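I opened this notebook to record a few backbone and packing details. My entries follow the order in which I looked them up.

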Amino acid sequence: MDTQNVIIIGGGAAGLSGALYLARAGLKPLLFAGSPPGGQLMLTTDVENFPGQDAILGPNLIETMRKQAIKFGTTIIDENVKSVKIGSDQLKSAESASGKTYVSKALIIATGAKALWMGLPSETRLRGKGVSACATCDGFFFKNKVVAIIGGGDSALEEALTLTKFASKVYVIHRRAEFKASKIMQKRVLGHEKIEVIWNAQVLEVVGQLKVESLKLKVPEGEKTIEVSGVFVAIGHRPDTDLFKELIELDEKGYVMTVNTIALENLKFEILNLKSNIDEENALKIKNLKLKIQKFDTTYGTQTSASGVFGAGDCVDHVYKQASTAAGMGVQAALDAERWLENN
Ligand code: NDP
């Protein structure tokens, strides 16, 4: 079997943008797009914040990216990868769901992260019709409307504040009587005139046939219905990185660590160290981080702890999580992989 230059695992914005650059560099990348292919954009309706695209449906944006990547010489396989290995000769191999093994010199991991959902049938039915997992992407569609955000972590509170820029009122629905989010975020949310928090509340149903009309909640006093036009679910994300946990360093939540992300993590601790005495918990975190750092070659910003393995998109990034930032990181990984191939 031929050895490929680069295998890309992931057919979302990051993987396809990386493929475009590698293909245009004549490196004929092989991309596993998964089954079903396309990543989080396939679950989105209107995308109005992808630069250069006035308004486009998420699946159409992916289709356009696929055609562009294929046009320049990318081979796309619409299958999942079931195992990945790195040989002692540094060659990477990926076994597809149908049992075929493909070998490459470099590998780009762009497997994304899935937004977690509450698991209600009504939530699934109304996804893209008023139910969303991204306030930055969809908040704009709720100008002067009443919306609800579900969750009590930093994401939920940050998204609640984002939504106040558009909505007339924002309910924060949290299942406990105390937020998990940082104190500073809590202070901003609790003091905001447009935000009302409903504590100890469980969502029973998102009500509406063709669009969201209200939310049915279970609260300590009984059942309660609030009228809302939008429901934003912000209860966390899970990166799709199980395949790689024996091969590369992941953070404690399972996100792929690259030179860029581990450097930022290290900087945070160095600044903390300068400002205050480190407590026992942080001292242990620093010790673990220093052990991990030794495994990284800092030549390439998107390189993981394994030589020739690069990470891009939402499986790396739990901060920005945008199609355009994933696409940008895919390009960085492609350029890094190209340089790595020249040097190895
Ligand atoms: P978290 O896991 O921190 O929080 C998830 C929240 O959702 C929790 O409040 C949790 O409730 C709630 N929740 C979980 N499952 C359900 C469910 N089935 N039904 C209802 N509620 C549920 O995720 P985040 O995405 O908020 O944050 C992830 C990481 O990213 C964190 O480390 C966070 O600090 C960080 N982050 C930092 C930001 C910043 O610094 N600006 C911005 C955004 C994120 P409970 O509290 O009861 O567990």
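I looked up Asn200 and found it in the loop between strand E13 (195-198) and strand E14 (202-207); strands (E, at least two residues) and helices (H or I, at least four) are DSSP runs numbered from the N terminus. I note that the model is predicted: local features need pLDDT of at least 70, side-chain atom pairs count only at pLDDT 80 or more, and totals for chains, interfaces and linings use all residues. Residues are numbered from 1 along each chain as its sequence is written, and side-chain values use heavy atoms, with hydrogens and water left out.

Asn200 has a positive phi of about 50 degrees and is not a glycine. I recall that most residues other than glycine have a negative phi, and that most peptide bonds are trans. Asn200 counts as partly exposed because its relative accessibility is 34%; buried means under 20% relative accessible area, exposed over 50%, and partly exposed in between (1.4 Å probe, protein chains only).

I then turned to Lys321, in the loop between strand E19 (309-311) and helix H9 (323-343). Lys321, a residue other than glycine, has a positive phi near 50 degrees. At 22% relative accessibility, I list Lys321 as partly exposed.

Next I checked the peptide bond between Ser35 and Pro36, which is cis, with omega about -5 degrees. Pro36 sits in the loop between strand E2 (30-32) and strand E3 (46-47).

Is Ser96 buried or exposed? I record Ser96, in strand E7 (residues 92-96), as buried because its relative accessibility is 0%. Leaving out residues up to four places away in sequence, Ser96 touches Phe32, Glu79, Asn80, Val81, Lys82 and Tyr102, where contact means heavy atoms within 4.5 Å.
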